[in-house]
Structures are given as structure tokens and as C-alpha cells.
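Student: I have a structure open and would like to learn how to read a few of its features. Can we go through them together?

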Protein chains: 2
Amino acid sequence: MTILDAGKALRSRQISCLELTTRCLDHIAKLNPRLNAFITVTAETARGRAEELDRELARGRDRGPLHGIPIAHKDLIATKGVRTTSGSKLFETNVPDHDAQVVQRLNDSGVVMLGKTGLHELAYGITSDNPHFGTIRNPRNPAHIPGGSSGGSAVAVAADMALMATGTDTGGSIRIPASYCGVVGIKPTYGLVSVSGVQPLGFSLDHIGPLAATVSDARVSLDAMASGSKRQAAPASVREIRVGVPQNYYFTQVASDVREAVQAAAKRAEGLGARLIPVRVPDIDALNAASLVILLSEAAALYEPYLDRQSEIGIDVRALLYQGRLVPATDYVNAQRLRKVLAQEFRSLFRTIDCLLTPATPITAPRIGQREVEIDGETLDTRLLTTRFARGFNALGFPALSMPCGETPEGMPIGLQMVARPFEESLLFTLGEALEGG
Amino acid sequence: MTILDAGKALRSRQISCLELTTRCLDHIAKLNPRLNAFITVTAETARGRAEELDRELARGRDRGPLHGIPIAHKDLIATKGVRTTSGSKLFETNVPDHDAQVVQRLNDSGVVMLGKTGLHELAYGITSDNPHFGTIRNPRNPAHIPGGSSGGSAVAVAADMALMATGTDTGGSIRIPASYCGVVGIKPTYGLVSVSGVQPLGFSLDHIGPLAATVSDARVSLDAMASGSKRQAAPASVREIRVGVPQNYYFTQVASDVREAVQAAAKRAEGLGARLIPVRVPDIDALNAASLVILLSEAAALYEPYLDRQSEIGIDVRALLYQGRLVPATDYVNAQRLRKVLAQEFRSLFRTIDCLLTPATPITAPRIGQREVEIDGETLDTRLLTTRFARGFNALGFPALSMPCGETPEGMPIGLQMVARPFEESLLFTLGEALEGG
């Protein structure tokens, strides 16, 4: 059930907030032992809150599209009185005395919080294979990873445990699990959703956004989460939209299923009236390298004080933190300078297009533990591939949406990424909704 | 002669642009062999340009307050066809094919360029004791340094070789030589004057501004140089201005002459109607430390590719570049984070005051080669002292003006620093002009 359908059913009294919440809790009870999407389930509080929202509706108070909608928060977003672990042993007993700003905003818009979703430790990785809280599994095939770091949030939505879940994205952590689990996820413009009360990872790269079942659900969720007011209005129709189709970079080192599905999506967009424009993109490998240097440095600066408790940190995250400590400041400064140059080049590119269309990930979800994949006869590293198309847009701060656009013969979802100019999320939603409908 | 007086004389035909220019060139010819303010003098071009501006005035074209005013540019500001060395052997044969944006702006406003002024090598130091182009000397006493890095510009103005000279300020490089030479210098708000065409040093700390004989001259000069339009209007009078007088930091480790002169200036401001407000300032030592880490890193990132020519770089600058290469990225990141925290604290402070009044430098100009000075029985490092009050405002980006406020019994000038909120340069000029007149 989508947020929009649930809203209609609630308002026509076909279902109550409590029933909707109970249905999600039942799914969680049934599926979570296997999929491990949730670290904490706040069932009692959720039922109480749903009853309260039912009473509000009954007496005519309607908070809007999220009224009574059961959602979950990634477990690095502070929730008052509810343990917030960041997926880490370092914070396993952390119970915040305040809500993050995004939690407050969603509460004000009437959501019911079901609990807190699991993640890659400290949000610093893309498998969601968590050494402290267990492996999170892909609902389409539990032998596969859900992607990360917001793996639990993607799984919760994909397996109907929640109608929406919040995520964070520092190098693809919303878009990657959305792509691997077959849901919609948007990394909005840098700064659009307040990071106040959210555990940072890379302060110049961190973004917060929703994961949801449909583009329309992502739209109403982001509307409630966003604190900025700079957003552009949506275009009147898809006909106005100039869609850039990359002729370089995004269709090399890509699984053939993914390439074909994304090219088919471009054709569908054209069929809907969008204008396809072949473009050459700037040097994304350089942008990725700069983003990685920046992330390694910023994360190490943040967690350096914790390295005397290194045995409590998982081996992969620990390695990244040690790596970050070895970066010289000159490399960080040069990475920031390169980032500015590339941002300028992307702004130029976006004078000729309104939207860039790429695969969200070059491959579909690998198996748990799978380190290599073969594409066109070449053996490639699954982890490097996973972030290859996503990471650059964290450095640029441009909004980027991932949505399903097909699946492999084995039934693994394929993700389409669409990128727009800063504060033009509405354009992505308009195009995404059209593709979803088409 | 000031810019304002020269302007009146030009318009009443008491003097011509050519006569004004020739007078400056005569001073240069006479004094430069001893003081070494100029690296390049463009006498012929200057005379030709002055004649052209005389013809313009004669036929009724008046470009405004800088029409026909002879000025000089610090020799790291690109001037088309005129060698621009940055005070370095690395660039000794560099002849730009374009003017820096600030040069264009000043040319458009009618100045006559006399030549290029000497500086501390690469603007990376505060003595202006340059190993490649010679020691620049203080006009008040040639055994003393003029301060730096914009030493040549301050000397040119102080010794009547130019009516104004441009400078750059990354850690005090305009305000320090202004203070040591007894002229006015302003580091405007970060970004107000375009850095395009100016050799960078620390890209997040670099500022460009004028050095001039009076506050009014600095005002008209900055008006012509600034490309931003965000500036606030000047307050109607000094009566509206709340002047913060620091109760901590700025009156410790200060020579008694300097302390007394600055306290007397505060009293004069009060006599003019300003409201003195005792304030405690945030942790400037922390801000200075953060600024220095940022500068070391940014400068090293910039000049790292030149370190294979290390023998061509002076020993002090080379040491700073090697030091910068040893800074870990985590320290740079933490310095940037600390900078943000302190900027927030300073913004809070500036909700209770409009202007902060401090000494520009804790001491007057040291002798050439003097490394130590004794204050209140304590032996202190002259170079650390020199930047102690100036450096922090580069990290904050707040505008800061240095103006003379007395002299020692030996005749060495004492500098007063006034700091305002971003884009409130006009307030500094209003208060400065009142103090100058009072």
C-alpha cells in the first residue's frame, strides 16, 4: 500500500491509522527475524500514537498527506527516548533526550513512528552487513545485500513493513539501497533537509531524504521533511523537460541488464514527450576521487577521538578511519578545489539540460560477501562499482533520485538515477511520476 | 596630499594629472633606492596615461574621485604587459596577458598606475624582507621593517610615492604594514573585492583591499575596487555606533604605548558620541590556531608542485610550505569546523555591538631582523605578536580597518584596528573619519 492510497483509505474510513499501523507491525513481526531491517521496534508507542491520530481525524483535524502514515527512521537520526545506535557499538546505549529536526517535522505532519532501522555501521559503507546488529538482507532474495548504508530503511519499505523510511546519503547511501531493493529514494539538494540531530559522517557531503514505494510518496515525504523554502515549482508537464543522456562514463562498466533497462527508460521518457539530449559528462572519476578524499578526511576528523576504542569498531569501518588519518591536508584542499571546478562544469552542463539520466548503480544487488563481479569479461570490485554513479552528486549537492526501472531475469531490481539542478526536486518528481505511470 | 585634496586641486585646475603623477614619480626616484617600495616603476606609461586623463577632464569627462589619481599595485596582482613577480623567483619572468579584475575596475575609475610594489615573498610572511628583490624599509626609520606582506604598498603611501596602493591580506597583510607605516588599510568583507587575477595564498582566507593616507581615501578607493553590491549604508552618525572594547585578550601582551594610544582612541570615540561597551571576546588564540592550520594547508596545496624548485624559494617561506605538507587532513577539517563555531560566537557578540576596537598590532614596527621583544618582563616572538590581533578576522571574513592612532616617543606609528559585521565597511569608515577629524 502506498502513502497516497493509505491516505484515501483513511479519509474514506475504509481503514484506521491503528489498523494501518498494526498491519505494518504484523509484517515486521513476521519478516524482521529473517530480513533484520529494524534494530528497534516501538510497537506500543506506535499503537498509542495511531489511536491519537485516529481521534484527531475523527474530530476533523487532518494534518495532511502523512497523517496516520506508519514510517521508520534510520537509526542514526535522534529520537527522543528511543535508543539511537548509528549501527555502532560506540553508541549502543545512546538514548537521545531530543528529536532530530527532521523527526519533529515528520511528527508534526502526523506520522506514526514504528521504530528504528538498521544500517551499515556509522553509515560508513554500502553493504549493511553490520557486525554488531547483524546482516540486513534483501527482500527479493535474502542471499543478497540490500545495499547501504540505509539498508534497513530500504528493506522496511520494500517488504511493506513501513510506508516510508528516512535515510541519509553521504556517498549514495539512500540511492544505492533504493536501487538494490526496488524502491524510490531521493537525496535532495545539499542543505534542504536539516541535519540537526543526525549523526554526521562527512559534514560537507551529508544529505537526508526519504525512501518510499513510489515517486509520489517520496514527493509528499520530502515536502514534510524539507526545511528550506528555495525549491523551484514543478514544470507543468514532461514536455518541457530536456533529459540529458550521457554518451560517456555511465554506460561503461555496467551490467547489460542495467544498461538496457535504463536505455529503455530513456525511450519511455521520450515517448512521454521529454526531449532526449545526448551529452558528454565531466570527469566523474575525478569527482569521485575528490569526494572520497573529502569523505575519508571528514569521517576521520569526526571519529579520531574514538579510535582508542578501535576494537569496538568493525574492521571495514576501522580501516577507512585509519585510511582517513593518513590523508594530508594538501590532498583535502586540492580535492575541495577540484570539487569547485567540477561543480562549475556541471552547472555548465545543466544549462543545456534539465535532468541527467543514468543508472543508479552499474549492477544489481550482489550476494552477501560477494567482492567481485564480471562485466564484459572484466573482473570488477562490487563495492567500487556500487558507489560509482552515486558518489559524485554528494560532492556537487545536486538533487538525485533513484527509482526502479525493471528487473533482471532473476528478479533483482534495477535502479534509474535522475539528477537535476539544485532545488529542482519537483522536476525529478514530475518526470519520475510520469515514468512510473507510463 | 590625499586623494580628496588632489581631486579638488585637479578640478580647480591648480594641478594636472600629469603634474600629480610627475610629483609621485619624483618621490619614487628620490626615495625608492633607499626604501625599496617598488619592484617595477612604469614611469613612461604613467605619464602617457596621466596626459590622457588630463585631456578627458579638459573635455568634460570626469570619472569620479579617482580620476587622475596615481596609485600602485602590489606585485602579485596581474597587470597586462607589466611583470608581476609575486615577490618570488618562481614568477620573476611572469608578464600577464590580462589585468586582474580589481585592476580593470580601478582603471575604469580613472587611476594612473605608477608601478608594482614589493612584498614578502609570495605574500607569505609579515616582514617584507625579501631575499630576491631586497629588504623593504620603513619610511619612519629605515632600520625598521614596514611590516608585510603588503610592505611596498604601505611604504609607497606613507612616503608620498603614491596616493593609494592595493594590498592583499590573508593573515593581516594589509593591516600590519598599515599599522607599522602609519597609513590606513582595510581588509574588506571576504569576497567583496574579486580575487580574479590575483595570485592566491590561502583561498578561503585571501582578501584584497586598499592602503591609503586617510580613512576617506580608503573609502573612495574601496568603492571603486568592490564588485559586490551587498554593502550596508553608512550610519547617519557616530552616535548610533556601539563600540565594543575588549576586556580580555587584546590588552595583554601589548606594548604599553600601544595600549595607551588605543585606549585613548576609545575615549575619543566616546567623546564623539559612540557608546563604549565592555565585551569579552571569544577564544582568539583558538581562532588564530585554526586560521594558521588552514593557511599552512592551503598554501602548501597551492605551492606543492613548485617544491622541486625549492632552492629558488626563500628559507622562511620554504619552511612554511614544508610545514603545511605535514598537516593531516583531519586537522584541516577540524580547523574548518572550529572556524564555523567561532564565527557563530562572533556573530553573537556582534548582536550587542556594531564595531570591535582593538590594537592593529600589539607592538610597533620591529627593527629589521629583530626576532624578540620584551613586554612587561616577558620575552615574546615578534612575528607571532605581529599577526596576533589580525589573523583571526581573515578566518571570520569580517571587515577590519587599521588606522593610525598615535606614535611612540621614537616616532613609530601605532595602529588601531576596528572590526564590523560583514558588508558593514561603511560603518568603519564613518567611525574612522570621525576619529581622524577628532
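Student: What should helix α14 of chain B span at 1.5 Å a residue, and how far apart are its end C-alpha atoms?

Tutor: First, some ground rules: this is a predicted model, where local features need pLDDT of at least 70, side-chain atom pairs count only at pLDDT 80 or more, and totals for chains, interfaces and linings use all residues. Residues are numbered from 1 along each chain as its sequence is written, chains are lettered from A and ligands numbered from 1 in the order in which they are written, and side-chain values use heavy atoms, with hydrogens and water left out. Helices are DSSP runs of H or I with at least four residues, strands are E runs with at least two, and both are numbered from the N terminus. The expected span is 1.5 Å times one less than the number of residues. For the 13 residues of α14(B), 425–437, that gives 18 Å, and the end C-alpha atoms are 18 Å apart, which agrees.

Student: Is α14(B) largely enclosed or open?

Tutor: Buried means under 20% relative accessible area, exposed over 50%, partly exposed in between (1.4 Å probe, protein chains only). Here 10 of the 13 residues are buried, so α14(B) is largely enclosed by the rest of the structure. Among them are B:L427, B:F429 and B:L435.

Student: Which residues does a cis peptide bond join in chain A?

Tutor: A:G148 and A:S149, with omega about 5°. A:S149 sits in the loop between β5 and α5. In chain B, a cis bond links B:G148 and B:S149, omega about 10°.

Student: Where does A:R13 lie?

Tutor: In the loop between α1 and α2 of chain A. Its phi is positive, about 60°, though A:R13 is not a glycine, and A:R13 is exposed at 54%.
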